[in-house]
Amino acid sequence: MTNRTGRIATAAVATASAIVLSACGILPVGTASAPTVPTTQAAPTASATVEPASLTEAVTRGNLLGHLQALQAAADSHGGNRQAGEPGFEASIDYVEAQLQEAGYTTQRQEFSYKRQTPDGATERVTTANLLADTAGSEDGTIVIGAHLDGVAGGPGINDNATGVAAALETARQFAALGVQPTHRVRFAFWSGEEDGLYGSHHYVRELADPQRTAAYLNLDMVGSPNAVPSVYGDGEGWADGSEVIEDLLVDYLTAQGTPPEIVFFEGSDHLPFAEAGIPVGGLYTGADEDKSRGEAVRHGGTPDTPADPCYHLACDRTDAIDADVLELMADALAHATLTLSTRP
């Protein structure tokens, strides 16, 4: 996640209202080695009637942690980071692409470049790529699920944002394993250049022939914070109609699991270009370097007056520092929302 100091405000969710998706108001508006843990079930006969509970049960903690371990290894073997344009990022995108292809997806690398300032004040040209993979389904009403795959130069970037990558990747893998045939195409997107200024997601949105064919964008950025504040993106001012439906869907799911989330408002992640293009957006988040309040500690446990993630953008942002329980919960929320939105009439 890019630096977003001063751009976050949260509010407690006291209750969650029921949601009727048929009247929801979302209309079509537009080489690393594999880990030893992740497994994919044998694919049954394709079915459009997979229950959300079957999908969330298939998205397991073991598989999620296996993806984190693989991305940690990519950083450890390449200078300690996964920065865009650097070898650690290349190893990371190779790993995610191999996992998607093994699950049966055809992948696409969307190349782009931008300028980045180096620590000594010089300017360098970064050439990198987003990674995309699509399910079957109508392109009208496409649901895009995104997480940034790049990290900062100062650390391996596991909470920020291998956790979001793991949640999106495992949802994609289990969609394939269970034979889900969504009504509306799901596009799983793994962005580059986020830490340098949201370059990958901005490039993607600029290249859309018709943004109106994308019905929703869900963002995953930091979803395993060790002093977590489980949060859902609020319906921001000026966001497209339908954003509130995504918010309600995620809030309702988390509340049903016994974790009523906070509502968070900020712009410093990959949902911003979609929101600016008039596409309904939402997402999940568990906190960066902002302190957990005393009220949040009462509601969610943990330590008040200390950061949600003390290792934000530091070398200690490693797999052993994340909260696996929170990661699994947020990944399940993503899987539930993705299936619900993509299989609506």
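Helix H4 (residues 158-177) packs on helix H9 (residues 324-342). In this predicted model, Thr163, Ala167, Ala168, Thr171 and Phe175 of H4 meet Leu327, Ala331, Leu334, Ala335, Thr338, Leu339 and Ser342 of H9. Contact here means heavy atoms within 4.5 Å. By class, this contact has 8 nonpolar, 4 polar and no charged residues. Nonpolar covers Ala, Val, Leu, Ile, Met, Phe, Trp, Tyr, Cys and Pro; charged covers Asp, Glu, Lys and Arg; the others, Gly among them, are polar. Helices (H or I, at least four residues) and strands (E, at least two) are DSSP runs, numbered from the N terminus.

The axes of H4 and H9 are 9 Å apart, and the packing angle is about 45°. H4 is therefore oblique to H9. Axes are lines fitted to C-alpha atoms, for helices over the stretch in contact, and angles run from 0 to 180 degrees between N-to-C directions. Angles under 35 degrees count as roughly parallel, over 145 as roughly antiparallel, 65 to 115 as roughly perpendicular and the rest as oblique. A cis peptide bond, with omega about 15°, links aspartate 160 to asparagine 161.

Helices H2 (residues 61-76) and H3 (residues 87-102) cross at roughly 150°, with axes that come within 8 Å. The pair is therefore roughly antiparallel. The crossing of H2 and H3 is right-handed. Gly66, His67, Ala70, Leu71 and Ala74 of H2 meet Gly88, Ala91, Ser92, Tyr95 and Gln99 of H3. The residues of this contact divide into 5 nonpolar, 5 polar and no charged.

Residues are numbered from 1 along each chain as its sequence is written. Local features need pLDDT of at least 70, side-chain atom pairs count only at pLDDT 80 or more, totals for chains, interfaces and linings use all residues, and side-chain values use heavy atoms, with hydrogens and water left out.

Phenylalanine 274 belongs to helix H7 (residues 271-276). Its relative accessibility is 0%, so phenylalanine 274 counts as buried. Buried means under 20% relative accessible area, exposed over 50%, and partly exposed in between (1.4 Å probe, protein chains only). Beyond four places in sequence, phenylalanine 274 contacts Val144, Trp191, Ser201, Tyr204, Val205, Tyr217, Ile279 and Val281. Valine 144 is 130 residues away in sequence, with a C-alpha to C-alpha distance of 9.9 Å.

Serine 231 lies in strand E7 (residues 231-233). At 1% relative accessibility, serine 231 is buried. A polar atom of its side chain lies 2.7 Å from the backbone oxygen of valine 229. Contacts of serine 231 beyond four places in sequence include Pro261, Glu262, Tyr285 and Met330.

Alanine 308 sits between helix H8 (294-300) and H9, and is buried at 1%. Its C-alpha is 5.2 Å from that of alanine 228, 80 residues apart along the chain. Leucine 198, in the loop between strand E5 (184-191) and helix H5 (199-207), has a positive phi near 60°. Leucine 198 is buried, at 6% relative accessible area. Methionine 222, in the loop between strand E6 (214-220) and E7, has a positive phi near 75°. Methionine 222 is buried at 0%. Most residues other than glycine have a negative phi, and most peptide bonds are trans.

Terms used:
A polar contact is a pair of N or O atoms within 3.5 Å; within protein, one must be able to donate a hydrogen and the other to accept it, and residues adjacent in sequence count only if both atoms are side-chain atoms. A crossing is left-handed if the near helix is turned anticlockwise from the far one by less than a right angle, and right-handed if clockwise.
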